[in-house]
Amino acid sequence: MLKPLEVYQILLDRFGPRGWWPADTPFEVMVGAILTQRTAWRNTEKAIQNLKDLELLAPSLAFVDLAAIERAIRPAGFWKEKARRLQAFAQYLMRNYGGDLDKFFARDVTTIREELLALPGVGNETADSILLYAGDKPVFVVDAYTQRLCARFGLTKEGGYNGIQRFFAANLPKSTEIYKEYHALIVELGKRHCRSTPVCGGCPLVGECEYGRNTERA
DNA sequence: ACCCAGGTGGCCC
DNA sequence: GGGCCACATGGG
């Protein structure tokens, strides 16, 4: 049976460090986390660049005309929803922390997570991405690729977001560096080999487990 | 003309 | 807990 740390080593050897999350500031990570929801990163990049060009990539986004945000982020899709989410987030940061992210992150991880989840459009993955990549907190991020990986290779019987997160946390050193790299590596694997079909040609994990052997052909 | 992308929330059973 | 739907752009 493949173990989390073994999978990590295989992926790291194969793909090398990914250097996630690509962003200049923690606030950019937060905005990117919302913009990239169910959206190709390429499109998220365009939206972020538009915000940068308009000098809108700061908590002061709270005071900007909503229509201007909508226009800027259009390439990222779901622009009406996401513009509202971004502004609500910025308003929250301004109102409660004066837009000071150090203050926002200088508290108990559980507390921050609850506050993030209370915001519109911030679910488990977005909250955890923000905690890990913007706040540098040791929180393992689970995405669709991670769940697919677990299902395909029978890593764990635990199910759902929280179950899978618990599984990785319990079987990995509590290291933000490993968490950051691992999530990025899983996405890289998913992009290359594990889309909608159960066949993973050239997958570095095939042959390491029963599932891989059984589905290698066809 | 399909399919999918670094999800979330609402509603239903 | 699960299944279905809306949200929308851009690339393969």
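The model is predicted: local features need pLDDT of at least 70, side-chain atom pairs count only at pLDDT 80 or more, and totals for chains, interfaces and linings use all residues. Residues are numbered from 1 along each chain as its sequence is written, chains are lettered from A and ligands numbered from 1 in the order in which they are written, and side-chain values use heavy atoms, with hydrogens and water left out.

- DNA strand B has 19 residues around it, of which Trp20, Trp21, Gly121, Gly123 and Thr126 come nearest; a residue is near a strand if one of its heavy atoms lies within 4 Å of it.
- Sugar and phosphate make up 64% of the atoms of DNA strand B that come within 4 Å of the protein.
- Phosphate oxygens of DNA strand B lie 3.3 Å from a polar backbone atom of Trp41 and 3.4 Å from a polar backbone atom of Glu125.
- In the case of Tyr145, an N or O atom of the side chain is 3.2 Å from a phosphate oxygen of DNA strand B.
- Two or more residues of this surface come from each of α8 (124–134) and α9 (144–153), and α8 gives the most, with three residues; helices (H or I, at least four residues) are DSSP runs, numbered from the N terminus.
- The surface near DNA strand B comprises seven nonpolar, seven polar and five charged residues, where Ala, Val, Leu, Ile, Met, Phe, Trp, Tyr, Cys and Pro count as nonpolar, Asp, Glu, Lys and Arg as charged, and the others, Gly among them, as polar.

**Surface near DNA strand C**

- The residues that surround DNA strand C include Arg38, Arg42, Asn43, Lys46, Arg74 and Trp79.
- Of the atoms of DNA strand C within 4 Å of the protein, sugar or phosphate holds 57%, and the rest belong to bases.
- The side chain of Asn43 places an N or O atom 3.0 Å from a sugar or linking oxygen of DNA strand C.
- Polar backbone atoms also approach phosphate oxygens of DNA strand C, at 3.4 Å for Trp79 and 3.2 Å for Glu81.
- The elements giving two or more residues to this surface are α3 (41–53) and α5 (79–97).
- By class, the surface near DNA strand C has three nonpolar, two polar and six charged residues.
- Arg74 lies over the face of Trp79, 5.9 Å from the ring centre; a charge sits over a ring if NZ of Lys or CZ of Arg is within 6 Å of the ring centre and within 35 degrees of the ring normal.

**Aromatic pairs**

- The structure contains 14 aromatic pairs, meaning rings of Phe, Tyr and Trp (its six-membered ring) with centres within 6.5 Å; planes over 60 degrees apart count as edge-to-face.
- The Tyr97 and Phe104 rings are edge-to-face, because their centres are 5.4 Å apart and their planes stand at 75°.
- Phe104 also pairs edge-to-face with Phe105, with centres 5.0 Å apart and planes at 70°.
- One aromatic cluster is formed by Tyr8, Phe140, Phe167, Phe168, Tyr179 and Tyr182.

**Arg113**

- Arg113 belongs to helix α7 (residues 109–118) and is buried, with a relative accessible area of 17%.
- Beyond its neighbours within four places in sequence, Arg113 is in contact (heavy atoms within 4.5 Å) with Asn124, Asp128, Leu131, Tyr161, Asn162 and Gln165.

Technical notes: Phe/Tyr/Trp six-rings, centres within 6.5 Å; stacked < 30°, edge-to-face > 60°. Buried < 20%, exposed > 50% of the residue type's maximum accessible area, 1.4 Å probe, protein only. Polar contact = N/O pair within 3.5 Å; in protein donor to acceptor, adjacent residues only side chain to side chain.
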